[in-house]
Amino acid sequence: MTGKGHSSRKPYRGGESIKKPTQKRSINFTAETLETLDKLAARNHTTASELVRGYVEKGLSIEGNKEDIDFIARIIRQELTAVYHVDEIKAIADHDTDRIAKMLMKIGKINGAMFFLLIKIFMNLANEGSEDDFDRMISEAVRLGVDYMQKKDFQINSFLQDTENLRRLADKL
């Protein structure tokens with residue numbers, strides 16, 4: 001049902017209110033909803049009608065803003081790229097990545113050189129043993145190295161600090 005003649009006062013900053021003409025609309029609610037509205041209105045020192053009007057206005061405002069989401073997202077994207085300069089960040093990250101890759105290659109090369117130097121030292125020291133013993137020692141050392149590389153970061157410190165285990169592993173060589 002619709003009707004005219006009611007007016008609603010809407011507060012504004014000066015503390016006074018502005019009269020706006022209203023129309024009556026009949027809406028059905030469950031008894032529980034009406035009870036909840038009445039309690040909430042009493043707690044907020046207002047009427048259930050004012051409360052419902054406020055919720056409807058808020059809902060309509062949200063619906064109206066949904067149309068602007070793409071526009072707002074575009075503005076946010078523009079602001080973020082203006083502030084953070086994605087291309088510059090990418091260039092810095094690429095430079096650092098290249099630098100780290102080159103460092104890792106150098107480390108790999110020196111480790112390879114140390115591995116073969118160690119083999120040569122073992123060969124010079126182990127003249128008494130058989131070639132089979134020497135081959136077994138090298139393959140076991142490689143296996144232990146691979147096992148070490150497969151350990152998780154949180155395992156490394158405790159592994160290196162367990163000197164008894166390190167001695168046992170070295171004795172197997």
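Helix H3 (residues 69-84) has 16 residues, which at 1.5 Å a residue should span 22 Å, and the end C-alpha atoms of H3 are 22 Å apart, in agreement. The expected span is 1.5 Å times one less than the number of residues; helices are DSSP runs (H or I, at least four residues) numbered from the N terminus. The model is predicted, with pLDDT of at least 70 required for local features and 80 or more for side-chain atom pairs, while totals for chains, interfaces and linings use all residues. Residues are numbered from 1 along each chain as its sequence is written, and side-chain values use heavy atoms, without hydrogens and water.

Just after H3, His-85 adopts a positive phi of about 45 degrees. Phe-71, Ile-72, Ile-75, Ile-76, Leu-80, Val-83, Tyr-84 and Ile-89 make a nonpolar surface patch of about 760 Å². Helix H3 contributes the most to this patch, with seven residues.

Helix H1 (residues 31-43) has 13 residues and extends 18 Å from its first C-alpha to its last, close to the expected 18 Å. Just after H1, His-45 has a positive phi of about 55 degrees.

The axes of helix H4 (residues 86-125) and helix H5 (residues 131-149) come within 11 Å and cross at roughly 150 degrees, axes being lines fitted to C-alpha atoms over the stretch in contact and angles running from 0 to 180 degrees between N-to-C directions. H4 and H5 are therefore roughly antiparallel, a term applied to angles over 145 degrees.

Technical notes: Helix = DSSP H or I, 4+ residues; strand = E, 2+ residues; numbered from the N terminus. Patch = residues over 30% accessible without salt bridge, like charges linked within 9 Å, V, L, I, M, F, W, Y side chains within 5 Å. Areas by Shrake-Rupley, 256 points an atom, 1.4 Å probe, with all protein chains shown as cover. Salt bridge = Lys/Arg side-chain N within 4 Å of Asp/Glu carboxyl O. Parallel < 35°, antiparallel > 145°, perpendicular 65-115°, else oblique.
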